[in-house]
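Have the structure open and follow along.

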Amino acid sequence: MTRRWKRKGHCRKKSHERTEITMQVGLVGLGKMGFNMRERLRAHGHEVVGYDPRPEVTDVASLTELAQRLESPRVVWVMVPAGKITQDTVSELSTVLESGDLVIDGGNSRYTDDRVHGEMLASRNIGYLDCGVSGGVWGLENGYGLMVGGAEADVARALPIFDALRPEGERADGFVHAGPIGAGHYAKMIHNGIEYGLMQAYAEGYELLEAEELVTDVHGVLRAWTKGTVVRSWLLELLVKALGDDPNFAEISGYTEDSGEGRWTVQEAINHAVPAPVISAALFARFASRQDDSPAMKAVSALRNQFGGHAVKKAVGEPETGSGT
């Protein structure tokens, strides 16, 4: 079967304008991001057939039915959690898709998995692209930053999809063909490592502001930084919004997970002998957040008491000891 693509007028060539070809797309995984991506693609005129195990959101009952609903050559975008779920999904797609089809992994897979997926699909003459996606739940409205790895011909084929998902404006400001298979997820991994460091810096600044009694409007200070200053950013705007919604973060725990990319970034820094003290410290701070009573900080406290006689805060019910100097 031949793909029936529709052109809306003449195809534009300038990089800041979107391609005007509508496509049929399969989308596997309709969670927080996948669901919104389906809506954004449909809003740009693409026909999207989505699959998710949850019957209340899926368009089809199985990956087999998804393949049957799509015309050849098919394009299927995978948006499921990294690791075994992605591996199993790509493996099953390799059996239900056909020669000439294309699979795009838009999840947060580790870049080393991409070569395995690409080779598996290539053995059946199915193309593969890895795409790092940034934008979270705001992507539906604002668009998604996209970092793609794979063959030039496959990227060109999927460009109408990328153009629909990326933000408005110059293509290069929200989309990059970063290199061969694996490059997209590698770029997204480093992106998220940087994100760790930025978030930690803002969080520490917030805590310092809260600690100083001279500052009576912490929320106002942070908001004043969102325009004109050198530290302005979308992350800062989100921090201001979060603090406005929940003053003093009274309703949230300090326990902070890491989704994998921060660890992988630090491992890559070690592999390449690249110093990354900020990202590393941000990752370790997340580990510390999960400890109600950090053993490491207990050791620090004990050492301070041993060499300097500094006061030690005992467990609940026990008096403090030490000189306090």
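The points below cover the pocket, the cavity and a surface patch. Please keep in mind that this is a predicted model.

**The largest pocket**
- The largest pocket holds about 1200 Å³ of space.
- Its lining counts 34 residues, and Met-33, Gly-136, Lys-188, Asn-192 and Glu-195 are the closest to the centre.
- At least two lining residues come from each of α1 (32–43), β7, α7 (183–211) and α9 (234–245).
- Helix α7 has the largest share of this lining, with eight residues.
- By class, 15 of the pocket's lining residues are nonpolar, 12 are polar and seven are charged.

**The cavity**
- Searching the whole structure for cavities of 30 Å³ or more turns up one.
- The largest cavity has a volume of about 40 Å³.
- Around the largest cavity you will find Asn-108, Ser-109, His-185, Lys-188, Met-189, Glu-261 and Trp-264.
- Both α7 and α10 (261–271) bring at least two residues to this lining, and α7 gives the most, with three.
- The cavity lining is made up of two nonpolar, three polar and two charged residues.

**The surface patch**
- On the surface, Val-137, Trp-138 and Trp-234 make a nonpolar patch, and their accessible area together is about 290 Å².
- Trp-138 sits in the loop that runs between β7 (127–134) and α5 (139–142).
- Trp-138 counts as partly exposed because its relative accessible area is 33%, a value between the cut-offs of 20% and 50%.

Technical notes: Residues numbered from 1 in each chain as written. Predicted model: local features only at pLDDT ≥ 70, side-chain atom pairs only at ≥ 80, totals over all residues. Heavy atoms only, no water. Patch = residues over 30% accessible without salt bridge, like charges linked within 9 Å, V, L, I, M, F, W, Y side chains within 5 Å. Areas by Shrake-Rupley, 256 points an atom, 1.4 Å probe, with all protein chains shown as cover. Salt bridge = Lys/Arg side-chain N within 4 Å of Asp/Glu carboxyl O. Helix = DSSP H or I, 4+ residues; strand = E, 2+ residues; numbered from the N terminus. Buried < 20%, exposed > 50% of the residue type's maximum accessible area, 1.4 Å probe, protein only. 1 Å grid on protein atoms, 1.4 Å probe; cavity = no way out; pocket = protein on both sides within 12 Å on 5 of 7 lines; lining within 4 Å. Points joined across faces, edges and corners; volume = space filled by probe spheres on them. Nonpolar A, V, L, I, M, F, W, Y, C, P; charged D, E, K, R; others polar.
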